[in-house]
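This report is for a reader meeting the structure for the first time. Please look over the sequence and the model before reading on.

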Amino acid sequence: MMKKHLTVIARDQCIGCLSCMFACSRTWHEALTTSKAALKIRSYIGSEGNFSIRVCKACEEPECVAACPTGALSQKKNGALQLDAEKCVSCKICVESCLIGGLAWDEEFAKPLPCFQCGACVRYCPNQVLAMTRMQPENAKEETDNVD
Amino acid sequence: MWTKILEIDLTHKSFRILEEQELFHQAMGGTALATHLLERYADPTGDPLGPDNPVILAIGPFSNILPIATKTTALFKSPHTGELGESHAGGRLAMAIYNAGFGALVIRGASSDPVVLDIDENQVVFHSARALWGQSASATERILRARDWAQSGKKSILRIGPAGERLSTYACATVDTQRHFGRLGLGAVLGSKKVKALVIGGNKYQKISDKKRFKSLYDSIYEAVVSSGVMHKYHDLGTAGNILKLNQNLGLPTRNFNQPWFEGADKISGEAFGDRYLSQQIACAHCQCGCIHLATLREQFHEEHGFKTFQVSYDFELIYALGSNLSIDSPDDILRLLHKVEKEGWDAMSLGVTLAWATEAFLSGLLDTTQTNGIILHFGDADTYLKVLDQMARQTTDFYRDLEKGAAFCAARYGGRDFAITFGGNEGAGYMTGENTFTDWLMGPRHSHLDGAGYAIDLECLTSDFSLEEQVKKLVAETRFRMLLNSLVICLFARSVYLEEVILEGLNLLWRPCSSADLEIFNQETLQRKYAFKMKCGWQPNLIEVPEKLSRVITSTGKVDPESIKKRAALYWQEVGL
């Protein structure tokens, strides 16, 4: 069976409520905020109602893992990233290496916020914008288009 | 919950952070907390547009933490009514104030030059806003959104349009994407202080203390919002769905409250907007409902293929104020008017009622073209109303300057008091349902349809039999309960989600131990504090005035009897218990 991973399936349906970001922060950090979320929802300036949604795609060969100079960032079999905080030197190269902006940054501790592919954000999305999908290699192009 | 207050002194360009644990423990947040702070900082006899009038912004113990606790409360002395000014707005402001680590902001004094307040967790930077002065509310937001200032995390932008700069007494203050502190002139108070905008953000947060209990509470609210159906109508058609309902119940104000039904209601209904103009719904931060309805209007500006497209938000009150009450039955025209209103930063309701008064005054001969600069006012003519808005924005004559001060001010100067639809100085909302509504607007703390939802009681009376005394008791009970809702501060659209048992569980988890009896005392004390402030400003419960015209028209519940309203007002005051 192919692994399941987080996918933006209907960006245009996003209402900008940030419920997904709150859910991620609550679930993994017990934090009542959006700032600990591993995904990012942003408004495009001057374009009301148009939201940018950046999620970790659980790439087959993640650029962020390859770029990490200390081996602090690694990927599990299910596609989830994991961080060894003690090895992390807060260089932020991992975040910069992700071209789609799918890796979030924790301003408080100066560490990346890896996505664990748990689906909490999907559970709390009221408008079916996000889904956990099984990715086939041939679907990769289509799903890349959906991430924006 | 946060227990810090950020106090900003514009006169000296300074600030300080106050730790107020005891006050938050007593006053919870939102409207109750802001009322305490208004008592502390405001001079009830002072000039609302003077430096001593504070602007207080407060969030509550559920803000940013539970779904749909999305509102921020603003309290000030109103330049429109001369007494209690209170208005609530959504957007991302409550989240941003929370993220900055504050439970409330107090803005005092006045700047000598235009400023933008740039606020984060630790500091306030006073940026010169000379270049922004004169910019529309919409442009100001776009410009500031692109600035990379001190805030980390998500930021919120509160700003005024040119109407606030001109001190229009019903200028609003706009938050993020077309959310507003709409009523009672916060925009003018900020304008008098030369505050063009406030940008706030931060990264502070709290940890969940009892994960299992919190999850149970959160999920029960979330499911009620998303799956129970109780909030579906707000997402689907939105409040605009009330156009046809009120029209069918003879409650939709038309042509300056001449009649309670509009022959063009079908054309401007929520269904008509939803089917042909709605481009999407969006939400305030942490609201999974998404009730903000954005319409898209495409206009041709060149005879070949020159088109422009703009988005503007709409809801019931806006369609009533610039639609049926001005006899405009074209959604295109309503959206064009709203687009202009959005840029200038007026309260659409007060503006619409003032335009309706002006039209009736013109038609009855109280005004002529010497005052209107040659413009002939008549109902249903959107192009002319757009010209009027342009004249107001350019302040071409004394008359157009006066229009920016509202219907009561204009009626005192030009006549037509009997058809100036104002209550305690504030223009009426979109309900012509009967005596409960008018009593609500006359006696409610902020003269608003949101005080006690009198319209709902009127409509309930169509199918149920309540004595006059029972109706008044219901009205005051609702007004009193809303002290709590507005202290939390939840969006009132979620009032059927936030039932008392839900609120109590939330407060016990996030504020302090309290019981149902404690809340009753809290609500009553908060209500009485508001009236005490109003009375210090000069408001008197026995000096109420119903626009005479309303005794000559039909409403959902029949004709309105001024004597009956006086009786209701007296009973209302007894219930308040001051």
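The model is a predicted one.

**Where chain A meets chain B**

On the side of chain A, 21 residues are in contact with 29 residues of chain B. Two elements of chain A, α1 (19-29) and β2 (31-32), each supply at least two residues of the side that touches chain B. The largest share of this side of chain A comes from α1(A), with three residues. By class, the side of chain A that touches chain B has nine nonpolar residues, along with seven polar and five charged ones.

The strand β2(A) also pairs with a strand of chain B, namely β13 (residues 206-207), in the antiparallel sense and over two bridges. Within this pairing, A:Ala31 has B:Lys207 of β13(B) as its bridge partner.

**A helix pair in chain B**

Helix α19 (residues 454-461) and helix α20 (residues 468-488), both of chain B, have axes that come within 10 Å and cross at roughly 145°. The crossing in which α19(B) passes α20(B) is right-handed. The table lists the residues that make this contact.

| Helix | Residues in the contact |
|---|---|
| α19(B) | B:Gly454, B:Ile457 and B:Cys461 |
| α20(B) | B:Gln471, B:Lys474 and B:Leu475 |

Sorted by class, the contact of α19(B) with α20(B) has three nonpolar residues, two polar residues and one charged residue.

How values were computed. Residues numbered from 1 in each chain as written. Chains lettered and ligands numbered in written order. Predicted model: local features only at pLDDT ≥ 70, side-chain atom pairs only at ≥ 80, totals over all residues. Axes fitted to C-alpha atoms, helices over the stretch in contact; angles between N-to-C directions. Helix = DSSP H or I, 4+ residues; strand = E, 2+ residues; numbered from the N terminus. Left-handed = near helix turned anticlockwise from the far one by under 90°. Contact = placed C-beta atoms within 7 Å. Nonpolar A, V, L, I, M, F, W, Y, C, P; charged D, E, K, R; others polar. Pairing = 2+ DSSP bridges.
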